[in-house]
Amino acid sequence: ATNWYIHTPICSPSRSELLTGRYFHNIKKAGRSVMHVDYPLVYNNSFVRTLHDEAGYATGLFGKYLNAMPAAPPPGFDAWLANDGGDYIAPQV
């Protein structure tokens, strides 16, 4: 891609936008949340899952997923190399 932009240039919100294909105002959560992201919404509505299930792509994630890590890889990833859950302050490795 030659013209590619991130709508919200801070860590977890920008990754959430990339994974879901949605703008941040459509995935944010008010109140007490890490970086104000509605993580269950991101886990269950990943664009990567669509690529994997419907388009037949092989998908993988290597590195940091989000600031609130799931205990198991989310659906849609063939390869996964990230920490084993926890959050930004207390990751489980």
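**A helix and its surroundings**

A: Let's begin with Asp53 and Arg49, which both sit in helix H3, four residues apart, about one turn of the helix. Helices here are DSSP runs of H or I with at least four residues, strands are runs of E with at least two, and both are numbered from the N terminus. Before going on, note that this is a predicted model: local features need pLDDT of at least 70, side-chain atom pairs count only at pLDDT 80 or more, and totals for chains, interfaces and linings use all residues. Residues are numbered from 1 along each chain as its sequence is written, and side-chain values use heavy atoms, with hydrogens and water left out.

Back to the pair. Asp53 forms a salt bridge with Arg49, and their closest N and O atoms are 3.8 Å apart. The rule asks for a side-chain nitrogen of Lys or Arg within 4 Å of a carboxyl oxygen of Asp or Glu; the count by that rule comes to one salt bridge. Side chains of opposite charge can pair when their charged atoms come close. Arg49 is partly exposed, at 31% relative accessibility. Buried means under 20% relative accessible area, exposed means over 50%, and partly exposed is in between (1.4 Å probe, protein chains only).

Now step along to Thr59, in the loop between H3 and strand S1 (60–62). Thr59 is buried, with a relative accessible area of 9%. Its side chain reaches the backbone oxygen of Gly76 at 2.3 Å. Leaving out residues up to four places away in sequence, Thr59 touches Val48, Leu51, His52, Gly76, Phe77, Asp78 and Ala79; contact here means heavy atoms within 4.5 Å.

Phe77 in that list takes us to the aromatics. Phe77 is buried at 13% relative accessible area, while Trp80 counts as partly exposed at 21%. There are five aromatic pairs by the ring rule. The ring centres of Phe77 and Trp80 are 5.3 Å apart and the planes meet at 65°, so this pair is edge-to-face. For the rule itself, rings of Phe, Tyr and Trp (its six-membered ring) pair if their centres lie within 6.5 Å; planes under 30 degrees apart are stacked, over 60 edge-to-face, and the rest tilted. Together with Tyr39, Tyr43 and Tyr65, Phe77 and Trp80 form one aromatic cluster.

The largest one has 15 residues, and Leu19, Tyr39, Val42, Tyr43, Tyr65, Leu66 and Phe77 touch the most other members. H2 and strand S2 (68–69) are the elements that give two or more residues to this core, and H2 gives the most, with three. Setting aside residues up to four places away in sequence, Tyr43 touches Tyr65, Leu66, Ala68, Met69 and Pro70.

What about H1? Its buried residues pack against H2 and helix H3 (47–53). Seven of the ten residues of H1 are buried, so H1 is largely enclosed by the rest of the structure. The buried ones are Ser12, Pro13, Ser14, Ser16, Glu17, Leu19 and Thr20. Thr20, found in H1 (residues 11–20), has a relative accessibility of 9%. A polar atom of the Thr20 side chain lies 2.8 Å from the backbone oxygen of Ser16. Thr20 is also in contact with Ile27, Val42, Asn45 and Phe47, leaving aside neighbours within four places in sequence.

H1 is followed by Gly21, whose phi is positive, near 75°. Arg22 lies in the loop between H1 and helix H2 (39–44), and Arg22 is partly exposed at 33% relative accessible area. Apart from neighbours within four places in sequence, Arg22 is in contact with Glu17, Ile27, Leu41 and Asn45.

Zooming out, the chain has three helices and four strands, running α-α-α-β-β-β-β from the N terminus on. Of its 93 residues, 31% count as buried.

Conventions:
A polar contact is a pair of N or O atoms within 3.5 Å; within protein, one must be able to donate a hydrogen and the other to accept it, and residues adjacent in sequence count only if both atoms are side-chain atoms. A nonpolar core is a set of buried Ala, Val, Leu, Ile, Met, Phe, Trp, Tyr and Cys residues joined through side-chain atoms within 4.5 Å.
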